[in-house]
Amino acid sequence: MASDRSNSPTSLLDSSTSSAPSTPEQVRPEDFADLHILDNSPFVDTDPPSLDRCLAIVRALQIPFVDSQVFNSMMPEEFVEIVSLSSDYRQYQTPAKLLYLPEACQVIAMAPYPIHEVPIQSFAGRIRYFLDKNSLGADDTPHGHHPVLNFNLVIEDDESPTTIIPDLRLDLRPQFLSPVPTWVMECGFSSTQHHMEAQLRAAADIIPGLDAALTISIREENSSLPPKTHPLHSLLLLPRSAFMPTPPHRYSFGPIVVKDVKWISVASVTFQISLKERDGHIRFGDGPLWAQGQLYPDLDMRKVDELLDLAAQRLLLRAADMEADAGAAPDRVAHLQGLSTTATFPSDWALLLEELQAAVWQTAFSRYRSWRHSGLKRRREGKEGASPDLELGSSSKWLASSQ
């Protein structure tokens, strides 16, 4: 594994409800072919939009559930109401990731996995370290104009119905104006690069000031969980320690095999970055200001590091201009301008990979626990005549309509 560029610490784990806009060519129901689509009566065929039904769904999402849950015949207005309820009222808050498929009229809820959350928090830690190191921390910046990191915070345009909730955004704060998202980031686990790019492309369309779009894509090897009739269902709950490596083994990307079942195995981890070009557009997949690096199975992030350095320098220069407009002292502005000529982004890919490998094992335990809960729930419901069982779905955010 190649050497990295810093060894400062990072923070871990945060999650929130997620949603985003869509167009027909960006999201297809067949992308969710691995999900068992539920009728979920009485959550069907209600016209006009029903607040009672939205409340019932929000309450259902507060109860621990298997990795994915699908609600049919949902109107766009009901999706907006569900997101609003879970965001605005503490009693209705849920860690589930929410998305809306307008073509299928479905709301899909997915429980967040550590393997999705850890890379976001790890990279956010590198951003914080960079800001503090380059005089842009909260204690260094006059007039309260320090950059701010936000997780799962909505980006929207008052003149359009588009609503986007990226995993991570870095905002600059002009004087007397609303914060301006400058960097946005998405992390996908077993989801396509295309869908993450579509969300970030939508963000770039409504935010002229956006300068950088970043993605982390974690691709999983094909696998399937055992049937509900597997003997493991009759055993007591396995402890978390059963899903942790024992010496001489170490954390790894899998396969994680416990009781002869492969619970997870990661095939690859890639990182992409796209910066705004001279014509004001951010392009994905090509151009001089786009790069892709590989974190696993081989580590090669040279081109990504070069663009991260450039993005960091542009961020400092933009912050200098913003502080000058706010009346900052000339020496303060000159200091930031000087830093912008030589700044490097303190990436630490070895640390991210170490944290991500630990998250793989934690995710294996989460999958086992959800699978077991599903089987127990099914047996209880078989006796009680309750609603259908739930099946595993990928933990990823996709595009969703806000109309």
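Visitor: How many bridges join E4 to strand E7, and which way do they run?
Guide: This is a predicted model. Four bridges join E4 to E7 (residues 168-172), and the two strands run antiparallel. Asn-150, for one, has Arg-169 in E7 as its bridge partner.

Visitor: What sheet are they in, and in what order do the strands come?
Guide: An open sheet of six strands, ordered E4-E7-E8-E9-E12-E13. The pairing is mixed.

Visitor: Why is one side of E4 and of E13 left without a neighbour?
Guide: Strand E4 (148-151) and strand E13 (290-296) stand at the edges of the sheet.

Visitor: What's the average twist?
Guide: 15° from one strand to the next.

Visitor: Which strands does helix H3 touch?
Guide: H3 (residues 114-133) packs on the sheet and touches E4, E7, E8, E9 and E12. Its direction makes about 150° with that of E8 (180-189).

Visitor: And H4?
Guide: H4 (residues 193-206) also packs on the sheet, touching E8, E9 and E12. Its direction makes about 160° with that of E9.

Visitor: Switching to H1. Which residues are buried there?
Guide: In H1 (residues 51-61), Arg-53, Cys-54, Leu-55, Ile-57, Val-58 and Leu-61.

Visitor: What does Ser-50 reach at the start of H1?
Guide: A side-chain oxygen of Ser-50 comes within 3.4 Å of the backbone nitrogen of Asp-52.

Visitor: Last one: how far does H5 reach?
Guide: H5 (residues 302-325) spans 35 Å from first C-alpha to last, close to the 34 Å expected for its 24 residues. Just after H5, Gly-327 takes a positive phi of about 90°.

Technical notes: Residues numbered from 1 in each chain as written. Predicted model: local features only at pLDDT ≥ 70, side-chain atom pairs only at ≥ 80, totals over all residues. Heavy atoms only, no water. Pairing = 2+ DSSP bridges. Axes fitted to C-alpha atoms, helices over the stretch in contact; angles between N-to-C directions. Contact = heavy atoms within 4.5 Å. Expected span 1.5 Å × (residues − 1). Buried < 20%, exposed > 50% of the residue type's maximum accessible area, 1.4 Å probe, protein only. Polar contact = N/O pair within 3.5 Å; in protein donor to acceptor, adjacent residues only side chain to side chain.
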